[in-house]
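Trainee: I have the file open and would like to go through it with you. Where do we start?

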Amino acid sequence: MKRRFAMAGTLLALVLGFGTLPAAATPSGTSPASTTAALAAPDISITAVRAHLDELSAIAARNGGNRRSTTQGYRDSVAYVKGRLQAAGYTVTEQPCTSGCTSGAGPNLIAEWPRGDANNVYMFGAHLDGVSAGPGMNDNGSGSAALLENALTLARENPDMRNRVRFAWWTDEEQGLNGSYFYVRTLSSAERARIKAYYNFDMVASLNGGYFINHITSAAAAPMKAYWDSLGLRPEENTEGAGRSDDYSFERYSIPTSGYAMGASARKTSAQAAKWGGTSGSAYDPCYHRACDTLTNINTTGLDRAADGIAYTLWQQAVGTGGGGGTCDPAGVVGNGGFESGTAPWTGTTAVIAAHSGRTAHGGTRFAWLGGNGSTSTESVSQTVTVPADCTRASLVFWLQIETAESGSRAYDTFTVRVNGSTLATWSNVHAGGGWIQRSADLSAYAGQTVTVAFTATEDYSLQTGFLLDDVSLQSS
């Protein structure tokens, strides 16, 4: 968790071992595996989560005792998480933070499970960097490790998916939430709109911790609260962490957020100690931003409950029910396909998008009129789309009207459909006439991929050909 002020700490030697909350903090007769709420999701192995923490601790030990974003310790942490995800079948992206981050900071790490509706994305994130004072096992090895094992469990279970799940490990959080803010602000407005909620996990194993949820009364928080309620924990609002971790980067763009935390330097009240156990009047994390944030500073009970609550939330928000291998839902994949809502998310020669005098749109009042100049020119409109993974047969369908002053059977002026620069289909002045005609291009080979679709008109030096484009959509068959 990013701090608001500097805190000094002496670098101590790493000591192996794990702590737990006192027995009074464990509601009798309940465990993540035994509650009704947990039946919808797998039990996350706390042994596996601890193994990830062991590795992050060893990485810090080999690199001067910390995993700060600008150090080899951070880069080795990225390599470890990336390697485990790739071995599980994920395509993992390292996103360099090219502006706004500390000089020399390592990359964000993004992994998306390629199933489910790509227009409904649920993100789960944790910052992977630590402070220079110590190895950062609770802050934030705990959130990073719990998130990693959830991602690996999802891959092993491979359930039917209703919605899309995206995981992120952020850089440079401790220096100002820089990595996550870079990620969100560089997304297009259409890409942000696809993110239905972001869940953050920062310090989920505080030794003297409590059970806190970000925006606990929100719709996004409902499954998180339901799970901890099922354990009798009576969680509270995370007031200490408000605006201090990566969820705030998403809040700035009005994306719903929630998440788990167990507290940092604030002190536990007597009422909280009576409810959860631990020591009243003492900090939730006695080693917050200090050298003693080692493996002995981990509350295993709390970490287990957080890891299982993440799984429950993920399953509630994104996993489908029944058999049959997922759902192909191409609706809304192409943004503003009728060109009626301004120009976004289209890019390129967007001045061609308008209600053109003397011409009638196929639907509505606006369309894209490419070419028609009668001179050497190239005009193009494009946008980035994600073809749902379960759409094994997918087509880009659109309406095209071609009018020309050319004659004969030679193609002087052309209209191409390209995906990631590869040409899928071409029409020309030879195909003019007949008014609006529905055309299509096969995108089946791109199922589960995010691609850039471009429509381009190219004219030679004389005699115009106009290519009128309208009502673009993705359809399955």
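Mentor: With how the elements are named: helices are DSSP runs of H or I with at least four residues, strands are runs of E with at least two, and both are numbered from the N terminus. Keep in mind that this is a predicted model.

Trainee: Fine. How many helices and strands are in the chain?

Mentor: The chain has nine helices and 18 strands.

Trainee: And what share of the residues is buried?

Mentor: Of the 477 residues, 56% are buried. The accessible surface comes to about 17,700 Å², and carbon and sulfur atoms account for 49% of that.

Trainee: What about contacts in the chain, how far apart in sequence are the residues they join?

Mentor: Take the contacts between residues at least 6 apart in sequence: 80% of them join residues at least 24 apart.

Trainee: On to the helices. At what angle do helix 3 and helix 9 pack?

Mentor: At about 45°, with the axes 10 Å apart. Helix 3 covers residues 137-157 and helix 9 covers residues 300-318. The pair is therefore oblique, and the crossing is right-handed.

Trainee: Which residues make that contact?

Mentor: Helix 3 supplies Ser142, Ala146, Asn150, Leu154 and Glu157. From helix 9 come Leu303, Ala307, Ile310, Ala311, Leu314 and Trp315. Sorted by class, the contact of helix 3 with helix 9 has eight nonpolar residues, two polar and one charged.

Trainee: How do the axes of helix 6 and helix 9 cross?

Mentor: At roughly 135°, coming within 9 Å; helix 6 is residues 222-230.

Trainee: Which residues of helix 6 and helix 9 are in contact?

Mentor: On helix 6 they are Pro223, Met224, Ala226, Tyr227 and Trp228. On helix 9 they are Arg305, Ala306, Asp308, Gly309, Tyr312, Thr313, Gln316 and Gln317. By class, that contact has seven nonpolar, four polar and two charged residues.

Trainee: How do the axes of helix 2 and helix 3 cross?

Mentor: Helix 2, residues 72-87, crosses helix 3 at roughly 15°, and the axes come within 10 Å. That makes the two roughly parallel, since the cut-off for that class is under 35 degrees. Helix 2 passes helix 3 in a right-handed crossing.

Trainee: Which residues meet there, helix 2 against helix 3?

Mentor: Tyr80, Val81, Arg84 and Leu85 in helix 2 meet Leu148, Ala151 and Leu152 in helix 3. The contact divides into six nonpolar residues, one charged and no polar.

Trainee: Change of topic, backbone geometry. What should I expect in general?

Mentor: Most peptide bonds are trans, and most residues other than glycine have a negative phi.

Trainee: What is the phi of Asp172?

Mentor: Asp172 has a positive phi, about 55°, and is not a glycine. Its place is the loop between strand 4 (163-170) and helix 4 (178-185).

Trainee: Is Asp172 buried or exposed?

Mentor: Buried, because its relative accessibility is 0%, and the cut-off is under 20%.

Trainee: And what about the phi of Asn420?

Mentor: Positive too, about 50°. Asn420 lies in the loop between strand 14 (414-419) and strand 15 (422-428). At 47% relative accessibility, Asn420 counts as partly exposed.

Trainee: Last one. Where is Ser382?

Mentor: In strand 12, residues 377-386. Ser382 is buried, with a relative accessible area of 13%.

Trainee: Which residues is Ser382 in contact with, leaving aside its neighbours in sequence?

Mentor: Beyond the neighbours within four places in sequence, Ser382 is in contact with Pro345, Trp346, Thr347, Thr452, Val453 and Ala454.

Conventions
Residues are numbered from 1 along each chain as its sequence is written. This is a predicted model: local features need pLDDT of at least 70, side-chain atom pairs count only at pLDDT 80 or more; totals for chains, interfaces and linings use all residues. Side-chain values use heavy atoms; hydrogens and water are left out. Axes are lines fitted to C-alpha atoms, for helices over the stretch in contact, and angles run from 0 to 180 degrees between N-to-C directions. Angles under 35 degrees count as roughly parallel, over 145 as roughly antiparallel, 65 to 115 as roughly perpendicular and the rest as oblique. A crossing is left-handed if the near helix is turned anticlockwise from the far one by less than a right angle, and right-handed if clockwise. Contact means heavy atoms within 4.5 Å. Ala, Val, Leu, Ile, Met, Phe, Trp, Tyr, Cys and Pro count as nonpolar, Asp, Glu, Lys and Arg as charged, and the others, Gly among them, as polar. Buried means under 20% relative accessible area, exposed over 50%, partly exposed in between (1.4 Å probe, protein chains only). Accessible areas come from the Shrake-Rupley method with a 1.4 Å probe; for residues, only the protein chains shown count as cover.
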